[in-house]
Amino acid sequence: MKNNIKILTILIFATISSCGQNDKSDKDIAENKLIELNPNKEKQQEIINEHLKNGAWKYELYSREWQEEIDKGLEKDSTIAYLWQQKAMPMFKQAKYEVGMEYIDKAVKYDRQDWQDYRAFIKCIFAKTYRNAITDFQDYKKRFGYGYVMDHSYDFYIGLSYLQLNEFQKAEQIFKQDYEYQLKEKGKDWLHHLDLFYYGISKYEQKDYSGAIKIFDKALEIYPDFSEVQIFKSDCLRKTGKITEANELQKLGEINGRNGNTINEDNVIYEKYPYQIRWY
């Protein structure tokens, strides 16, 4: 029951992020479903409907009115975790990390299972407090098990955090473990090109250029025009003496990068991802 509710709340957030503030149809469906799944929270849902659906969501994401409407709801019930998360979310997208973290901490306080993994994601991708992100994800895994947030596994973000802390061997171990787990449990079609990119980077940073090329090739099978993979693979080729092939691939990578074939995560419009190349 709890996991179903979490999926629906994440869908609501994703709709806000990617569809704008005017398309409310998906949110309407999800909110109605929340009431069915969680009848004991009907009063809280009334507050959410009044101050989000018919309140904050009618205004621009970064407006004062967005925050004021949520504050009205919190005055009625300060334990509604979803209101705290919606109050925090615009702060992160404006790089106001300290303020946003105060709010998301409240969401976790009132509903750890729904929001701690999201907070850990924010620490990794937005706030870039990598040691804190690792701690948050590891604690969440101990409490609730293996899972996913924002399209990637918890281990993906743990590995990425180690990568950003220059702990490349640890990063590789995490990426390898997650790669093998997903192959076994989900199959090859479940693999994500970004997971493979960073797995390859963990080898590249340890000068295992042949190993990196093998992983980069797997990423290119999924996303053939992925410019960052092509650029880093070209460097690996150059370092292994394949100069002509390296130069040709670098030129192709530069063309693809300028054509927009780069890291394509939803949140890349707000934050530069690790090892992402700016093509402008």
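The model is predicted, so local features need pLDDT of at least 70 and side-chain atom pairs count only at pLDDT 80 or more, while totals for chains, interfaces and linings use all residues. Residues are numbered from 1 along each chain as its sequence is written, and side-chain values use heavy atoms, with hydrogens and water left out.

**Ring pairs**
- Rings of Phe, Tyr and Trp (its six-membered ring) pair if their centres lie within 6.5 Å; planes under 30 degrees apart are stacked, over 60 edge-to-face and the rest tilted.
- By this rule, there are 25 aromatic pairs.
- One of them is Y148 with W190, edge-to-face because the planes stand at 75°, with ring centres 5.8 Å apart.
- Y148 belongs to strand β1 (residues 148-149) and W190 to the loop between α10 (168-185) and α11 (193-204), so this pair links parts of the chain 42 residues apart (helices, H or I of at least four residues, and strands, E of at least two, are DSSP runs numbered from the N terminus).
- F232 and Y275 also meet edge-to-face, with centres 5.9 Å apart and planes at 70°.
- F232 sits in helix α13 (residues 227-239) and Y275 in the segment after α14 (243-258), so the pair ties together parts 43 residues apart in sequence.

**Buried or exposed**
- Buried means under 20% relative accessible area, exposed over 50%, and partly exposed in between (1.4 Å probe, protein chains only).
- Y148 is partly exposed at 29%, and W190 is partly exposed at 43%.
- F232 is buried, at 13%.

**Charges over rings**
- A charge sits over a ring if NZ of Lys or CZ of Arg is within 6 Å of the ring centre and within 35 degrees of the ring normal.
- K186 lies over the face of W190, 4.8 Å from the ring centre.
- K106 lies over the face of W84, at 5.8 Å from the ring centre.
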